[in-house]
Amino acid sequence: MASLLLWSLLMFVAGWRWRADRSDLAMVRADAARHAGAVLSEQRLRREQEERSEAMASLGEQHEHDRERAAAVDADVVAALRAGTLRLRDDLAACHTGRLSEAAARTGERDAGAQLRAEAAAALVRIGRDADDQLRACQAVIELDRR
């Protein structure tokens, strides 16, 4: 009887330990799965961040390239104005009526005025292009940031 009681007690303890081991194993597996999910999530976020950083760097390089190309805009506009392939609108013609007598008096300065006008137009075109490039780059950064 004592051996049966001892045997039952040993089986009870062994069963209890087996159950505790199984419970611990289930908890370890759950923790491992949770940590694996966290690692995968972190890897995905890092990959997205790297892609976003590369895209931002690409946008920066493109913007700098556009700024370098913009330096040639002045010369191109002046050359196109001189060649006649580009014409400027004269929206301020009504404001220049008072200058008709001055214009008649300064016919010798006409070429200098045309040169100055072409250079001013080139500068204005470049300013507009720089502003457009800057706006385009800012919009691309905002769009990239909102993904």
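The following paragraphs go from the whole chain to a few of its residues. This is a predicted model, in which local features need pLDDT of at least 70, side-chain atom pairs count only at pLDDT 80 or more, and totals for chains, interfaces and linings use all residues. Residues are numbered from 1 along each chain as its sequence is written, and side-chain values use heavy atoms, with hydrogens and water left out.

The chain has 4 helices and 0 strands, in the order α-α-α-α from the N terminus. Helices (H or I, at least four residues) and strands (E, at least two) are DSSP runs, numbered from the N terminus. Among contacts (heavy atoms within 4.5 Å) with a separation of 6 or more, 88% are between residues 24 or more positions apart.

Of the 147 residues, 10% count as buried; buried means under 20% relative accessible area, exposed over 50%, and partly exposed in between (1.4 Å probe, protein chains only). The accessible surface of the chain is about 12,300 Å², and carbon and sulfur atoms hold 58% of this surface. Accessible areas come from the Shrake-Rupley method with a 1.4 Å probe, and for residues only the protein chains shown count as cover.

Helix α1 covers residues 2–70 and includes F12. F12 counts as exposed because its relative accessible area is 55%. D66 lies in helix α1 too, but D66 counts as buried, because its relative accessible area is 8%. The side chains of D66 and R69 are joined by a polar contact of 2.8 Å. A polar contact is a pair of N or O atoms within 3.5 Å; within protein, one must be able to donate a hydrogen and the other to accept it, and residues adjacent in sequence count only if both atoms are side-chain atoms.
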